[in-house]
Each structure stands twice: as C-alpha cells, then as structure tokens.
Amino acid sequence: MAGAKNHDYHILPPDIWPIAGAASAVTFTTGMVLFMHDLPGHWLVLGLGIAGLIATFFSWFSNIVKEAQAGDHTPVVQLHLRYGMILFIASEVMFFVGWFWAWFNFALFPSEIAEVIGGQFPPKAIEAVMDPFALPLLNTLILLCSGTTVTWAHHCLIHGDRDGLKKGLWLTILLGLLFTSIQAYEYIHAPFPFGENTYGSAFYMATGFHGFHVIVGTIFLIVCLRRAYLGHFTPKQHFGFEAAAWYWHFVDVVWLFLFVVVYVWGGWGAAYH
C-alpha cells in the first residue's frame, strides 16, 4: 500500500526545535562575547540565549521520550541512538583532552614560559595548593560510590526490580549533589584565585568544567528517576537510562584523571592549604 512503512527506521516529522536550538546557541555565544567585553545589553542577549536553549532541550527531549513510549524506537533505532551517544561521549573526551594537554604543557615545560610562572610549576605565586588527600579524596570516594549505585540501578532494571531501580537512582543523585556541594565549598576556600596565573586558570577550567558535567549528569539522572516513577523503562528498552549511566561513568573516569594529574601530581612538592 502506498505510504505504508516497510522498514525499521523512524522517520521524523518536520520540527522547529533544530533551527530554534541553532538560533539559541548563536544568541547565547553572542551574549557571552558581549558579556566578556562588558558591552551594553549583554544580560538581555545572554538571557534570551539561555532561555532558548533550555526550551529547546526540554521540548526536544520530551519529543524523544514520547517517541520511545510510542514504540518508535525499534532495535535499529536504539542501535543508532547508542552510536550517537558513544560519539557524543567521545567528543566530550576530546574536550577534556584539551585541558589535560594545557596542564601537562605548563607542568612539564615550565622553562618555556618562565616569564609567566617563574620557571617552575606550580608557579612561585602559588603559596599553597589544595591538599589532594582531604576534600578531593573524599569527592573521589563519593563519585566511585555513585558509579556503584548507578550500576546497581541498571542491574535492578534489567531484572525487573523497579524498587531497586528507584533506590539506586536516588542514591546516585544524592551523591552527585553531595559532590557538587563539596566542590563549591572547596572553591570558596581555595588558596588561589582564577586567572592570575597558568596554574589557577588551568585548575579551575579543568575542574570547573568537570563540575558542570556532574551537574548535567545529575539532571540527566533526575529525569530518569522521574521516568522510572512513570513506569517508562522496561528490561528490554531503556536507552534513556543507559545513556545517563554511560555519561555518569564518563564523569567518574574523568574525575579519576583529574584527581591523579591535577590534585596529586600537579601540586607535588608545593605546600598544602
């Protein structure tokens, strides 16, 4: 019959959100440029961009959830959704490679920028660094525990234990919020500021962007918890949860590198705060 679907793919109907998201992204970046140069109207442009991005994310992902519940996510569609998530995480890995690259460049070749950091790393201007075996170690244990709880939630989902799924998600979300709170406390009491030298800039950019990813991952898991209460996931179809779990494990692994490279090795020999 003409127009009958004879394949396993899901053909998307026309939608406004791709172009709305692109326009919002341009507005947001324009607002950031205006903000960095302290030009008039930057808050208005920045606010419009952020509002547009939030609306795009909420509406677009809502449509994806509705497609999943309508049965449009066939095994072929789920496979390609997984490919997409894998590529997204790979791009995020390369994003952090840039910050690690900068850190290693400053730390291993301090003589090349001697006029900036005094030929040593951490620079002479840094009187003390974070004690890696205080709050950073505590946060490491918290994230490792959260990786365990999200895996427990996944195991429960696969075996049809919805109560265990909810408990695992609750624990993971609470641990993520605890991690963010401790890092905020650490920033408030840090012995060095952002932007005065290469150490402070690289430290806050690397750990700050990781903290942002923890917040995003926590929101991701909160959405999954809400969907779990609505009964959306099944043992055979739960890509939304899988994507959140993959993202959370990615956040865990990045933090382990940050802890070892930035906190332990990067401040080696300096006085601890």
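Colleague: How many aromatic pairs does the count come to?

Modeller: Rings of Phe, Tyr and Trp (its six-membered ring) pair if their centres lie within 6.5 Å. This is a predicted model, where local features need pLDDT of at least 70 and side-chain atom pairs pLDDT 80 or more, while totals for chains, interfaces and linings use all residues. Side-chain values use heavy atoms, without hydrogens and water, and residues are numbered from 1 along each chain as its sequence is written. By the ring rule, the count is 25 aromatic pairs.

Colleague: Is the pair of Phe 88 and Tyr 247 stacked or tilted?

Modeller: Planes under 30 degrees apart count as stacked, over 60 as edge-to-face and the rest as tilted. Phe 88 and Tyr 247 sit 6.2 Å centre to centre, with 15° between the planes. That makes the pair stacked.

Colleague: How many residues apart are Phe 88 and Tyr 247?

Modeller: Helices are DSSP runs (H or I, at least four residues), numbered from the N terminus. Phe 88 is in helix α3 (residues 75-108) and Tyr 247 in helix α8 (residues 239-265). The pair links distant parts of the chain, 159 residues apart.

Colleague: Which helix holds Tyr 199, the partner of Trp 103?

Modeller: The ring centres of Trp 103 and Tyr 199 are 5.1 Å apart and the planes lie at 50°, so the pair is tilted. Both residues, Trp 103 and Tyr 199, are buried. Trp 103 is in helix α3, and 96 residues separate it from Tyr 199, in helix α7 (residues 198-229).

Definitions and conventions
Helix = DSSP H or I, 4+ residues; strand = E, 2+ residues; numbered from the N terminus. Buried < 20%, exposed > 50% of the residue type's maximum accessible area, 1.4 Å probe, protein only.
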